Amino acid sequence: MHEGKSTSIANCPQPVEGGGLSWTFADGVIELALHRAPCNELGSASLEELEKFATALQLMQAEAHALIIYSEMKPGFCAGADLRELYQRSQTIEKADAVKGVRDFLERIHRVLNLIDAASLTTIAAVHGVTFGGGFELALVCDLIIADKMARFCFPELRLGLIPGFGGIPRLKRDLGNGVVRDLLLTGRSINATKAQQVGLVSQVVGEGESLHAARATALQLGKFDRGVAAEAKRFIKPIPWEELRREIDVFCELFGRPAVRAGLKKFVESTDAQPYLP
């Protein structure tokens, strides 16, 4: 349930009951909880809910100073894109139709993530466990990433013949040195929370199960400062790489039409592993 005094907030779009995410707003802090089994995979249903949240965020952020995004699912923060749905898209008879469907999806999810990235309030990702692919990209839109010690970060897309498509490459380049970016992207290896903090990806590493508690403590600290000044500071230190984000969509769509991608997605869908997205 939303909490707030203004009429605009009271009229915010409400989370779908039984859906994959929900949000609360109290004391100047918005909390977005992800809870779609098995590990918050991002597909059409998730995107529709994220779009609804983005609409609400534009109303709530006028009276908020912080947004926390976290997962209620035990395996982790988010396993990434819904690859089974992506495989179904690849099965469209007409290649051009399949690519168009993917482009439409990417443009929609970019709009949502760009809005969170550029929001005037301070955003915090509280992550644990699996933070892979599109889930890693969701965390990267946030100003701060707080990770429990069991969190792992990975871009496994090259195994499918693809690149990250939700804005991950431009945002990682914005935040880190190119050596780290190339290693994560080209090897597909995962890194743990300690390594992520060492390279500057994560601002805090906390005990297992403590990331949300630490994020809430950080949000409380943020509330002590002038919101307008914080927003100006954010705009100064966090430019949005618009041109590269648009180029990423083009490259992803170009690759998606290749036979190797269909074969990679087919292998994933037919895998009998409990968690085929793990390295």
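I started with Glu41, whose side chain reaches the backbone nitrogen of Cys39 at 3.1 Å. A reminder to myself: this is a predicted model. I found Glu41 in the loop between β2 (29-34) and α2 (44-60). Glu41 is buried but has no salt bridge. Which side chain of opposite charge is nearest to Glu41? I looked, and Arg84 is the nearest, 6.3 Å away.

**Cysteines**

Next I checked for disulfides, and the structure holds 0. For Cys78, the nearest cysteine sulfur is that of Cys39, 6.4 Å away. Cys78 has 0% relative accessibility, so I noted Cys78 as buried. For Cys154, the nearest cysteine sulfur belongs to Cys78, 13 Å away. Cys154 also counts as buried, with a relative accessibility of 0%.

**Salt bridges**

I then searched the whole structure and got 17 salt bridges. I wrote up a few of them.

Arg36 and Glu49 meet through their side chains at 2.8 Å, N to O. This pair links distant parts of the chain: Arg36 is in the loop between β2 and α2, and Glu49 is in helix α2, 13 residues apart.

Lys238 pairs with Asp143, with the closest N and O atoms 2.6 Å apart. The two sit 95 residues apart, Lys238 in the loop between α10 (227-237) and α11 (242-256), Asp143 in the loop between α5 (134-140) and β7 (144-148). Lys238 is buried at 11% relative accessible area, while Asp143 is partly exposed at 24%.

Arg235 forms a salt bridge with Glu232, the closest N and O atoms being 2.5 Å apart. Both are in helix α10, and because they are 3 residues apart, about one helical turn separates them. I also traced a network of salt bridges that share partners; it joins Asp117, Asp143, Arg171, Arg174, Asp175, Lys234 and Lys238.

**Helix α12**

Last, I looked at α12 (residues 259-270). Its 12 residues should span 16 Å, and the end C-alpha atoms are 17 Å apart, which agrees. The buried residues are Val261, Gly264, Leu265 and Phe268. They cover an arc of only 95° around the axis, so they lie on the same side of α12. Pro259, Lys267 and Glu270 are exposed on the face turned away from that buried side. The side chain of Glu270 makes a polar contact with that of Lys266 at 2.8 Å. I also noted that the C-alpha atoms of Glu270 and Arg84 are separated by 9.6 Å, though the residues are 186 apart along the chain.

Technical notes
Residues numbered from 1 in each chain as written. Predicted model: local features only at pLDDT ≥ 70, side-chain atom pairs only at ≥ 80, totals over all residues. Heavy atoms only, no water. Helix = DSSP H or I, 4+ residues; strand = E, 2+ residues; numbered from the N terminus. Buried < 20%, exposed > 50% of the residue type's maximum accessible area, 1.4 Å probe, protein only. Lys, Arg positive; Asp, Glu negative; His and termini not counted. Salt bridge = Lys/Arg side-chain N within 4 Å of Asp/Glu carboxyl O. Polar contact = N/O pair within 3.5 Å; in protein donor to acceptor, adjacent residues only side chain to side chain. Disulfide = S-S within 2.5 Å. Expected span 1.5 Å × (residues − 1). Arc of directions from axis to C-beta.
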